[in-house]
Each structure stands twice: as C-alpha cells, then as structure tokens.
Amino acid sequence: MSTPERRKPFPFDLFEPKWQHAWLDRATFHVPNPGDPAFDPSRPKFYVLDMFPYPSGAGLHVGHPEGYTATDIIGRAKKRQGFNVLHPMGWDAFGLPAEQYAIKTGQHPRVTIAANVAHFKGQLQRIGFGYDWQREVNTTDPGYYRWTQWIFLQLYHSWFNPETGKAEPIATYPGTDPDSVRLAYVSEAPVNWCPALGTVLANEEVIDGKSEVGGHPVERRPLRQWMLRITAYAQRLIDELDGLDWPESIKLHQRNWIGRSEGAEVHFAIAGSSEQGAWGQSPSPAESPCSPPPAPCSITVFTTRPDTLYGATYMVLAPEHRLVDTLVTDEQLTAVEEYREKTARKSDLERTELAKDKTGVWTGAFAINPVNDQKIPIWIADYVLLGYGTGAIMAVPAHDERDWEFARKFALPIRAVVSPTPSLGLGGGSSPCEAEPLECFVGEGYAIHSGPLDGLPTAAAKEEILMLLEQRGLGERTINYKLRDWLFSRQRYWGEPFPIVWEGGRHHAIPESELPLIPPDLEDFKPTGTAEPPLAKATDWLRYHRVHHERGEPKASAFPLPSLSAIEGAEPAHGLATRETNTMPQWAGSCWYYLRYLDAQNPERFVGTDAERYWMGGGKPGGVDLYVGGTEHAVLHLLYARFWHKVLFDLGHVSTPEPFQRLVNQGLILGEDGQKMSKSRGNVVNPDDVIQQYGADALRCYEMFMGPLEQTKPWSMTGVEGIYRFLARVWRLVMEENQAGEWVVSAGVQDVPADKALLKVVHATTKKVTEDIEALAFNTALAQMMICCNALTAANPRPLSAVRTLLHVLNPFAPHLTEELWDRLGGEGLLADTPWPAYDPALLIEDEVEMPVQVNGKMRDKIVVPKDAPMADIEIAAQAAPNVLPHLEGKTIKKIVVVPGRLVNIVVG
C-alpha cells in the first residue's frame with residue numbers, strides 16, 4: 001500500500017526483499033552437475049565467473065558491484081536462453097588484514113572473517129545477484145584448504161621435464177638430487193621483510209619502501225623460503241596466451257612481466273685472476289684456475305645486445321650479488337656496506353624506476369672485457385636486480401639510456417660501437433673512438449669500432465659475435481626471462497600451513513591422508529620479533545605426530561613419530577620431526593577456486609572428473625567462458641592461476657590447458673569528486689545507502705548505464721535518480737493507484753494487438769538488448785529499453801504482449817521490478833525461469849519511407865509511402881498531402897520532381 005509518508009514512486013522496498021527470498025527458497029539459480037537427478041545434458045553450458053572478493057570489515061562500496069552486476073545480467077540472460085549457467089561466489093579469506101586485526105584486538109581471525117563474510121553475503125543478496133549459493137567456497141574452510149595443500153603436494157612431488165615440456169611425477173626424474181628440480185622447493189632468497197608486521201611482503205605490497213598495510217619500513221633480507229618453479233613454464237605462459245579471448249593490453253602485460261629476451265651469456269674474467277685474457281686465451285696448465293681461493297674467476301652477464309661488447313666500459317652488479325663480498329677492496333668496503341644497507345630498504349619497483357636519479361658505488365675491483373682485453377671497473381648499483389638475468393650487467397653507456405645516465409653522472413667512459421648509418425666511423429677496428437658521442441643511440445644500425453664486426457648490420461653482428469664467443473668459450477647464446485620463481489612463503493599465522501615436516505635438515509611431505517593440516521588455535525598472533533613465524537609459538541603442534549583419519553576427520557594419534565622412515569623412504573634420523581612454520585600466501589587459495597566451484601561439496605577429490613570435464617569443456621583452451629574482474633589482477637593472480645592449472649593439466653587432473661577463455665576487466669568507479677574511492681578522501685558511497693533510497697534495481701541499472709563496462713567512470717547520485725525515474729515509468733506502464741492508495745494493474749494495459757509501429761520498436765528492442773548483453777554493451781541496451789518504454793507510454797491502450805516483452809528483456813537488469821510486474825500481470829512461475837523472447841527480423845525491415853514534400857522549394861508537408869512505390873503513386877500522394885493542397889489551389893503544376901527515398905518537389909506557376 002502506498003502512503004503519503006512513503007513518497008516513493010513505486011514500492012521497491014516491499015517487493016525487492018520478497019523476490020530475493022523467493023530466489024533463495026526456490027534455489028532458482030542452482031545448477032546441477034552431470035549425474036545429478038535434475039541435470040539436463042541437452043543444454044549447453046556457460047560458466048561465468050567473478051573474481052571473488054576478500055571480505056573486509058568495511059564491506060562493499062559501489063565500485064565493487066559493477067563487475068558482479070555485469071556477470072549477473074549475462075548469467076540470467078544465458079539461463080533463459082537455454083544454457084546450464086554456472087555463476088558461483090566465494091571468499092578469498094586468508095591474508096594479512098585479518099591477522100593485523102587479530103593482533104590489535106585479540107579476536108581470532110576466524111571470528112573476524114565469519115562476521116565479514118556474513119556482512120558481504122548479505123550485501124550481495126540485497127543487490128539481488130543470482131548466485132548458486134550451494135557452491136559457495138571459503139579459502140579458510142578446512143574442507144577447501146585441504147585441497148590447496150593437496151595441490152601444493154602435487155607441485156612438491158613433480159618436476160618439469162624439459163624434454164617433454166611438461167610436469168611429471170618426481171619419480172620419473174633420472175637424476176640423483178630430486179630436490180634440485182621439484183616444482184616446489186626451498187631456497188634462501190632476498191625478500192621484502194617488514195619487522196613491524198613480522199612477515200615477508202610481495203613487491204606489490206610495498207609502496208615507497210613501506211608496507212601497504214600500516215606504512216611500516218620494509219627492508220631486504222635473505223630468508224629460507226618455499227619457492228614455486230613458475231619459470232619452468234615461462235615460454236608456455238607466453239605462447240598459450242594466443243588462444244585466449246583476452247584484451248590485448250592484458251596479454252601484453254603478461255608477456256612483459258614474463259619478459260622473454262634472446263641474447264647471450266658472456267663471461268668477464270676478474271682482473272688479477274688467471275682467467276683473464278682477450279678472446280679466450282687460456283691460463284697455462286700450471287696455473288690454478290682461481291688463485292687464491294675462494295676469489296672468483298669471472299662474472300657472467302646476460303645481454304640482448306652482444307654486438308655491443310666492444311662498447312662495454314664498466315660492469316654493474318646488484319648490491320646483493322654474492323661476489324660483492326669477495327670483490328670489494330678494503331678502501332671501498334665502508335661505502336659499499338652503506339650503499340647495500342640503503343638498497344635493502346627499497347622495493348624492486350623503486351629501484352628500477354626509470355625517472356629516478358642513478359646511484360652506485362665502485363667496488364674497487366676490475367673485470368676484463370673479453371673482446372678487447374681492457375680493464376673495466378666493477379660497480380654496484382640498485383638499478384640492477386639480483387633476480388633478473390645473472391644479477392650483473394655489462395654497461396654500454398653509448399647504447400643504453402640507464403647506462404648513459406649512470407656513466408655521465410660518474411664520469412665513466414662512453415664508447416659508441418653502433419652507428420645508425422653504414423657510412424660513419426667504419427674501419428676503426430677495435431680501437432676506441434677519439435671522442436665520446438653527444439647522445440645515446442639505442443636502436444639497431446651498423447657496427448663500428450668493433451674489430452671483426454665492423455660494417456655488419458646489427459642482426460648479422462649479433463650472429464657473428466655469438467659464433468665467436470661460443471667458439472672461444474667466452475659465452476653462449478641463451479634465452480632469458482624477467483620472470484622469477486614464485487616466492488611462496490609468508491611468516492604469518494592466518495594462512496594455509498604447509499603439509500611439510502622437517503627432520504635432520506631435510507624436508508618431507510606428510511601423507512595426503514593427513515590433510516587438511518589445520519593450524520593451531522593461537523591466542524597470541526603477534527610477530528615473534530625474529531624471522532620465526534607465529535606458528536613457531538605452537539610448540540605442541542610443532543612436533544609432528546602420525547595422524548589417523550576416521551570418516552574423513554583428522555585425529556592426532558597419541559604417540560609422536562620419531563622418524564620419517566615411512567615417508568618417501570626417508571632414512572631415520574635422531575630427534576623428533578617438526579612442522580614447517582611458514583604459511584602459504586593469500587594467492588594460494590585464489591589460484592584454483594574456480595575449480596572447486598565445479599564440485600564444491602566433493603569430499604573425495606578437489607573436483608570430480610565428470611564435473612570438471614563438463615564445466616571446463618567446450619573445445620577451447622580455457623574452460624571458464626567469461627571471467628570478469630579488475631585490472632589490478634592483470635598479471636599476478638592470472639599468471640599464478642594459469643601456472644597451477646597447467647601443472648594440474650600436465651599431471652592429468654584437469655582437461656584444459658588454460659583456466660579462463662574470455663577475460664573482461666571492468667573499469668574503476670570513482671567518487672563524485674573524480675578521485676578513487678577511499679575512506680581517507682571521504683568519497684566512498686555505500687551501496688546499502690543507495691538501495692535504501694532508490695532500491696537495488698536502480699543501483700544495478702545505474703552501474704550499467706554509466707558507460708562502457710571497461711571504462712573508468714565517476715559516480716553521480718543525480719545519475720542514479722535519472723535511472724530511478726526510468727524504473728518508475730516502467731512501473732507505471734503496468735500499475736496505477738486506486739482511490740484507496742493501493743497499487744493495482746492499470747486499466748490502460750489491455751490484451752490487444754500492437755500496431756505495426758509499436759511492434760517494430762518492441763522487436764528492435766529485443767534484438768538490440770539480446771546482442772548488447774552478449775557484447776557486454778549494457779549502457780546501450782538500457783538506452784534502447786528507455787526508447788521502448790517511451791513508445792509504450794504513448795500507446796493507448798498499452799498492448800499486454802508488448803509490455804511483457806519489455807519486462808522480459810529488462811529482467812536481467814532490474815530483476816526485482818520485472819518479477820513483481822510479471823506476477824501482477826498473471827505471468828506463470830518466475831520470470832527468471834521463462835524462455836528468452838525471440839524477435840522477428842521481418843518486422844525490422846524498413847518497408848516504408850518518409851519523404852518531405854516541397855512546393856517551389858519550400859517544405860510544406862511529409863508523406864509516408866512504401867519503399868518500392870511507383871513514381872506515379874508518390875506524385876499522387878504528394879499532391880494529396882493536407883498541408884500541400886492549399887498551396888496548389890488556383891495554380892498550375894508545371895513539374896513534379898521525385899528524388900526516390902529523399903523528397904518530392906512540386907513546381908507550380
């Protein structure tokens with residue numbers, strides 16, 4: 001009932017909760033799996049996926065539902081078009097924020113996350129999203145992370161066979177040291193260590209040398225870490241992008257992140273070692289290769305431009321390079337140590353920022369350029385990273401901008417060895433230029449001052465120098481990748497424990513029957529103050545015990561296992577085994593969640609074979625038909641998920657080589673001030689507030705009407721009001737208030753046929769909305785429905801069939817309003833379950849044309865005639881037009897000019 005106090009143009013606050021409960025109660029959007037009683041194998045599948053959220057305490061802001069609304073629209077439409085639609089939702093719930101909240105409040109992260117999930121889920125349901133909630137997953141559920149741990153064990157028990165180009169069980173490795181090739185391995189790696197947070201941070205979690213969470217100082221330090229050998233898949237991760245329907249910009253991001261480079265590794269002898277000598281002159285047999293030990297003999301660099309070797313005038317090592325300690329002279333030791341300490345406080349992003357001022361320190365040592373036997377100084381500088389190439393570069397300042405800036409700053413030699421034209425500077429042999437170049441030339445050209453390379457174009461010079469290097473043992477051609485192995489450890493409590501135990505300095509996997517490995521319930525979540533993770537505090541849990549399973553539930557036995565002889569044939573060792581105390585990063589659970597959705601309740605497998613083959617099938621490389629999410633995950637999440645999927649594919653656990661076939665990135669929604677929404681700016685808009693005032697359908701439709709899905713757009717409450725008025729007009733197409741103030745079906749809606757003009761608008765709307773949903777062009781679909789609504793408003797009476805068609809196509813956008821009106825009009829069942837309307841192409845054919853009629857060149861009227869009307873009929877119709885007749889009276893028609901389809905001009909005198 002409408003009351004004066006409500007002042008709402010339609011009662012959305014009454015019918016929206018009603019239909020949300022109806023969809024949940026009837027499980028409207030649940031889809032069965034193959035083998036389930038209600039499964040219909042005749043329907044094609046459509047798997048539409050959202051990037052699942054981290055359930056923060058703040059809940060959603062209006063930027064979050066944009067992508068979710070898009071997937072909901074296409075999922076609802078596909079369901080009604082005859083597809084089995086899988087549209088699930090879950091929670092990426094491990095991670096640092098909940099742990100930091102636990103440290104501040106003492107509340108267990110499990111309690112915090114449960115409350116946050118309930119809040120998020122309530123918000124999503126209030127917006128009316130058609131998720132299959134029976135497939136809901138939570139990465140912190142032991143029934144979920146049991147399989148995350150299981151997948152880790154698949155990596156641990158596998159290696160990448162370069163001959164077959166795929167992962168294989170470690171048992172097939174022919175070598176004697178399987179730990180050296182495992183896809184999951186242990187390494188001491190330089191990491192971003194935050195003492196205040198007590199954990200390692202990923203590069204993207206460090207901003208300006210401080211932690212993203214809390215703004216604490218971050219330093220670089222070496223720690224024992226679990227690593228995943230993603231680099232083994234570098235080439236496949238590049239090559240297999242080609243078969244995916246992704247934006248080219250995202251593919252380019254991934255290719256650049258992987259960073260494939262073809263070039264050479266070149267060995268520079270250290271001055272004073274017995275290996276020095278131009279063009280591979282070997283030391284005499286009596287000489288020790290390196291004297292005195294353990295001084296290094298040479299430094300290996302990777303270069304994509306070996307043709308510029310003659311222009312290398314100094315070398316640069318990453319400050320963390322292992323050779324720095326042995327190379328640095330006493331005179332330079334203090335300066336080097338101070339510089340290394342400063343570098344440790346910088347992130348990789350800060351170090352490689354092109355615009356930053358170049359810094360560095362000379363080690364006091366020299367290397368020998370192998371092609372001309374010249375001594376060149378060895379520096380350290382933070383723009384060289386240990387993780388790329390060999391952690392050392394040959395600096396050719398004449399042909400590299402970073403080297404140029406560095407050389408100019410520190411007055412180091414600059415020698416041009418490439419000319420843009422073949423006529424300059426040839427014939428110089430290996431002799432240096434007389435004068436330094438005036439600018440840096442980074443392109444390809446012709447070799448100069450380069451001995452046997454002189455005059456050769458760059459491509460030929462590369463081949464020539466590579467041949468000479470390989471012949472003389474000074475280098476070899478190689479392919480390098482910027483991609484580094486995935487650092488997979490975190491020193492946190494709130495993460496998946498590793499299913500690994502240690503004994504006698506060796507690591508071993510626990511049996512799969514002991515999964516899930518559940519973390520202990522700690523009361524103190526604070527960092528230990530050392531590199532030891534919080535799990536080290538759980539002394540009882542730390543001691544490894546054999547575990548028995550009863551009905552799938554883990555149960556600790558009463559006796560400790562003093563050795564691991566039963567695990568992987570390990571030899572008994574003295575002392576008790578202890579568990580790994582690092583935990584997995586938040587990325588772990590998000591690497592495979594799309595697979596668990598397929599069979600979320602399966603207690604026997606991470607996903608059932610039939611379910612995986614059906615939902616991930618379709619004959620394309622990727623199984624997910626549409627994946628929508630933000631560009632912030634353009635590289636890391638997508639790369640990590642692709643890597644895990646490929647390993648599972650190689651091992652026969654999944655049926656497709658790629659996870660996501662089509663990817664769409666929605667744009668940001670900015671605050672009304674045009675800035676990114678944030679609490680600090682005070683421009684965050686809560687969707688609950690919008691729903692309270694305008695309803696969920698208005699929120700949904702406005703998010704889609706703002707502009708193309710991929711664009712960044714500012715929020716506008718005025719825009720919401722405009723959409724709200726449109727929905728009110730749709731409501732009043734069907735409903736009117738009686739004298740008692742009650743909403744009743746309008747007498748203007750009658751079961752009468754629509755005229756030809758209205759039919760054309762209705763069928764044109766059906767066609768455009770159908771096509772626009774497929775193209776994710778939701779804003780133009782809504783614009784067309786507004787045109788249709790206007791045409792229906794002008795009709796008197798309003799044909800029932802035409803009104804129902806508008807409700808059909810508007811339903812995915814405004815499901816609550818359309819369900820209510822469908823029900824009020826006597827529609828059978830839920831509108832969400834009805835077939836999608838078809839359009840008649842014949843009704844869209846333009847069979848008539850409107851033509852202006854002029855008299856002596858002045859427009860007097862318009863006529864509508866068939867497109868193929870004979871000329872004589874057009875002339876008769878023009879003369880009979882009501883507003884033309886007065887201008888013909890008493891006059892003689894001298895001529896009638898007809899421009900077919902354009903105009904008629906009657907000449908009178």
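# Briefing: salt bridges, cores and overall build

Arg236 counts as buried, at 15% relative accessibility; here buried means under 20% relative accessible area, exposed over 50% and partly exposed in between, with a 1.4 Å probe and protein chains only. This is a predicted model, in which local features need pLDDT of at least 70 and side-chain atom pairs count only at pLDDT 80 or more, while totals for chains, interfaces and linings use all residues. Residues are numbered from 1 along each chain as its sequence is written, and side-chain values use heavy atoms, with hydrogens and water left out.

**Overall build**

- The protein holds 25 helices and 40 strands; helices (H or I, at least four residues) and strands (E, at least two) are DSSP runs numbered from the N terminus.
- Taken along the principal axes, the C-alpha atoms fill a box of roughly 125 × 85 × 50 Å.
- Of the 909 residues, 53% are buried.
- The accessible surface comes to about 39000 Å², and carbon and sulfur atoms own 52% of that area; the areas come from the Shrake-Rupley method with a 1.4 Å probe, and for residues only the protein chains shown count as cover.
- Among contacts between residues at least 6 apart in sequence, 72% join residues at least 24 apart, a contact being heavy atoms within 4.5 Å.
- The 87 positive and 114 negative charges have mean positions 4 Å apart. Lys and Arg count as positive and Asp and Glu as negative, leaving out His and the chain ends; each charge is placed at NZ of Lys, CZ of Arg, CG of Asp or CD of Glu.

**Salt bridges across the chain**

- A search of the whole structure turns up 33 salt bridges, each defined as a side-chain nitrogen of Lys or Arg within 4 Å of a carboxyl oxygen of Asp or Glu.
- One of them joins Asp625 to Lys45, with the closest N and O atoms 2.8 Å apart. Asp625 sits in the loop between β27 (622–624) and β28 (626–629) and Lys45 in strand β1 (residues 45–50), so this bridge ties together parts that are 580 residues apart in sequence.
- In that pair, Asp625 is partly exposed at 23% relative accessible area, whereas Lys45 is buried at 12%.
- Glu846 and Lys760 also meet through their side chains, at 2.5 Å from N to O. This pair links distant parts of the chain, 86 residues apart: Glu846 belongs to the loop between α24 (815–824) and β37 (848–855), and Lys760 to helix α21 (residues 756–774).
- Glu846 is partly exposed, with 43% relative accessibility, and Lys760 is partly exposed too, with 27%.

**Around Arg236**

- Arg236 forms a salt bridge with Asp650, where the closest N and O atoms are 2.9 Å apart. The two lie 414 residues apart, Asp650 in helix α17 (residues 636–650) and Arg236 in helix α6 (residues 234–239).
- Asp650 is buried, at 13% relative accessibility.
- A network of salt bridges links Arg236, Glu240, Arg642, Lys646, Asp650 and Glu658.
- Setting aside neighbours within four places in sequence, Arg236 is in contact with Phe160, Gly165, Lys166, Arg642, Lys646, Phe649 and Asp650.

**Nonpolar cores**

- The largest nonpolar core has 183 residues, and Phe152, Trp486, Trp644, Trp715 and Phe813 touch the most other members. Helix α20 (residues 717–734) supplies the largest share of this core, ten residues.
- Apart from that core lies another, of 53 residues, including Leu309, Tyr314, Val361 and Val418.
- A nonpolar core is a set of buried Ala, Val, Leu, Ile, Met, Phe, Trp, Tyr and Cys residues joined through side-chain atoms within 4.5 Å.
- Not counting residues up to four places away in sequence, Phe152 touches Ala184, Trp226, Leu228, Phe488, Phe498, Pro499, Ile500 and Met584.

- Helix α3 (residues 96–105) has Leu96, Ala98, Glu99, Gln100 and Ala102 buried. The buried residues of α3 pack against α4 (109–127) and β8 (199–201).
- Leu542 is found in helix α13 (residues 539–542) and is buried, with a relative accessible area of 18%.
- Beyond its neighbours within four places in sequence, Leu542 is in contact with Leu535, Ala536, Ala577, Thr578, Arg579 and Thr581. Leu542 and Thr581 are 39 residues apart in sequence, with 7.7 Å from C-alpha to C-alpha.
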